[in-house]
Amino acid sequence: MTIDLVRGIFTNRTLNLRSIKAIGYDMDYTLIHYRTDDLERRAYEITRDRLSAKGWPVAHLQFDSGSVVRGLAVDLELGNLVKATRFGYVIRAAHGTRILNYEEVRNAYAGTLVDLAETRYEFMNTLYSISEGNLFAQLVDLFDTGSLPMVRSYSELSSAVQRALDRTHVDGRLKAEIHADPDRYVVPDPEVVEALLDQQLAGKHLMLITNANWVFTNQMMELAFAPYLPAPMTWRELFPTIIVSANKPSFFSHDHHFYRVVDEENALLRPHTGTLDEGSVYYGGNAMVLEESLGLSGDEILYVGDHLFGDVHVSKSMFRWRTALILRELEAELRAMVGFQETEGNLMGLMAEKGELEHERAQLRLAALHEEFQNGGSGEQTSSGLDRIQSLVTALDDQIAPLARESGRLGNPTWGPIMRAGNDKSLFARQVERYADIYTSRASNFLFETPFAFLRAPRGSLPHDA
Ligand SMILES: [Mg+2]
């Protein structure tokens with residue numbers, strides 16, 4: 001069976017699934033996918049209303065789902081959203097909701113490289129960033145007109161948005177709405193259950209490690225998994241290790257204590273010391289005790305999550321776990337790219353033709369210089385040759401420009417494909433490459449690879465490859 005490209009698993013660093021003994025999963029946007037438009041819209045609206053109740057003049061604002069994508073950086077100094085290449089060069093930027101033109105981008109960023117280690121930048125790590133980025137951009141517009149005297153800077157504005165949005169995710173309202181109307185928010189995926197059953201059958205120790213609280217986790221896992229499990233199996237039986245309210249990324253970097261959920265009905269906790277027992281539900285804790293309980297080393301553990309920093313970056317850099325990033329947007333992008341393949345081929349052909357003409361032109365120029373220097377020639381012949389080439393290049397440019405524009409709009413008309421920045425890889429792609437051993441659109445794509453796959457990284461391409 002060949003695997004559909006769109007559902008493929010893509011490998012940065014070779015991973016033999018046979019040598020993986022335990023697989024940990026994040027829940028939200030990893031095991032359970034939400035309709036991003038609907039969920040982010042509600043998160044946005046509840047947050048907007050919370051700010052409005054505090055007296056912010058925001059009641060009229062509306063969610064604009066396509067306006068931001070994961071992988072952008074928020075520039076807190078200038079109030080911009082920017083897309084950068086893997087080297088940090090900004091290729092596109094918006095101030096608030098207004099897209100900057102070429103000149104404006106150059107003026108703002110000619111001497112600046114986006115470095116995510118600087119506090120100036122906030123990286124949009126997950127699909128949850130979409131409501132946040134959209135609201136922030138719209139509030140920058142309001143801030144610029146002097147309508148938000150309660151904050152003094154873009155940075156304060158961003159913190160205020162973040163705090164309000166965190167409240168939205170923590171308090172029960174959005175969760176209650178999801179639970180009351182799961183069909184509206186949750187995208188069912190029977191294959192994810194099949195994939196995990198196969199992994200369990202193959203002897204993998206499955207773990208659920210989520211920041212969600214126990215009540216919500218239990219409700220959602222029941223809803224998403226129960227209909228597809230063979231009776232009388234429950235979702236709990238899939239996961240010998242369950243950790244809720246894990247507080248990632250802190251889970252990987254601090255030694256918070258574990259609590260055991262002793263009364264699951266009422267979510268009552270009791271402090272827990274020592275290693276973890278299978279079958280219990282734990283709260284909080286840290287990855288060090290977890291590793292100890294499993295008796296495994298980092299390279300025997302695979303962690304699968306959608307948050308580039310909280311799931312993948314920290315687990316890789318602190319524990320050298322093997323890592324998988326879930327990137328749902330990839331499906332639509334891959335489909336768009338497949339549809340664009342023929343045009344992309346034409347574009348490459350035209351670029352190659354242009355390259356040859358440019359080389360010819362450069363040689364002609366140099367020949368003319370030599371001629372002038374040695375014989376005092378007039379250069380007339382050269383000038384007519386240069387004119388001829390110039391008109392050919394101009395004609396090619398007219399063909400190239402619309403195709404290049406189209407290519408830069410795949411996935412999102414403003415920001416383009418998340419993994420690419422113009423001809424280069426995006427800063428997001430660079431982060432993925434560094435921290436995610438593999439990436440794929442959904443956890444259920446493991447089904448097609450089986451638990452025994454040898455996921456081999458392609459031979460890396462280098463500029464001097466023939
Ligand atoms: Mg998640």
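Q: What makes two strands count as a pair?

A: Two strands pair if DSSP finds at least two bridges between them. Keep that cut-off in mind as we walk through this model, which is predicted.

Q: How do you know that β3 and β11 pair?

A: Strand β3 (residues 22-25) and strand β11 (residues 205-209) are joined by 4 bridges. The cut-off is at least two bridges, so β3 and β11 count as a pair. The two strands run parallel. You can find the partners yourself: Gly24 has Met207 as its bridge partner in β11, while the partner of Ile23 in β11 is Leu206.

Q: What makes β16 a partner of β3 too?

A: Again, 4 bridges link β3 with strand β16 (residues 301-305), and at least two are needed, so this is also a pair. The sense is parallel. Here Ile23 stands opposite Leu302.

Q: Why is Val151 called partly exposed?

A: Val151 has 16 C-beta neighbours inside 10 Å. Buried would need 20 or more and exposed would need 12 or fewer, so Val151 falls in between and is partly exposed. You will find Val151 in the loop between α3 (129-144) and α4 (154-170). Leaving aside neighbours within four places in sequence, Val151 is in contact with Phe143, Glu156, Leu157 and Ala160.

Q: What makes β1 and β14 edge strands of their sheet?

A: This open sheet has 10 strands in the order β1-β20-β17-β16-β3-β11-β12-β15-β13-β14, with mixed pairing. β1 (9-11) and β14 each have a single partner strand, so one side of each is left without a neighbour in the sheet. On average, neighbouring strands here are turned by 25° against each other, direction ignored.

Q: Which pairings show that this sheet is mixed?

A: The mixed pairing can be seen by putting two pairs side by side. Strand β17 (residues 322-326) and strand β20 (residues 438-440) pair in the parallel sense over 3 bridges, with Ala324 partnered by Ile438. Strand β13 (residues 258-263) and strand β14 (residues 268-272), however, pair in the antiparallel sense over 5 bridges, and Val261 stands opposite Leu269. β13 and β14 form a hairpin with 4 residues between them. In the turn, Ala267 has a positive phi of about 55°.

Q: How do you know that β8 and β9 are the edge strands in the other sheet?

A: The 5 strands of this open sheet follow the order β8-β7-β6-β5-β9, with antiparallel pairing. β8 (98-99) and β9 (121-123) each pair on one side only. Inside this sheet, 3 bridges join β5 (residues 73-75) to β6 (residues 80-84), and since at least two are needed, they count as a pair. Val74 has Leu81 as its bridge partner in β6.

Q: What makes the residues between α1 and α5 count as meeting?

A: Two residues are in contact if their C-beta atoms lie within 7 Å, so that is the test to apply. Arg42, Ala43 and Ile46 in α1 meet Arg173, Leu174 and Glu177 in α5. The residues of this contact divide into 3 nonpolar, no polar and 3 charged. The axes of α1 (residues 36-53) and α5 (residues 172-180) come within 10 Å and cross at roughly 145°, and the crossing is right-handed.

Q: How do you know that domain 1 touches domain 2?

A: 5 residues of domain 1 are in contact with 4 residues of domain 2. On the domain 1 side, these are 2 nonpolar, 2 polar and 1 charged. The centres of the two domains, taken over C-alpha atoms, are 31 Å apart. If you want to trace them, domain 1 covers 18-26 + 186-326 and domain 2 covers 36-170.

How values were computed:
Residues numbered from 1 in each chain as written. Predicted model: local features only at pLDDT ≥ 70, side-chain atom pairs only at ≥ 80, totals over all residues. Axes fitted to C-alpha atoms, helices over the stretch in contact; angles between N-to-C directions. Left-handed = near helix turned anticlockwise from the far one by under 90°. Nonpolar A, V, L, I, M, F, W, Y, C, P; charged D, E, K, R; others polar. Domains from an automatic or database assignment.
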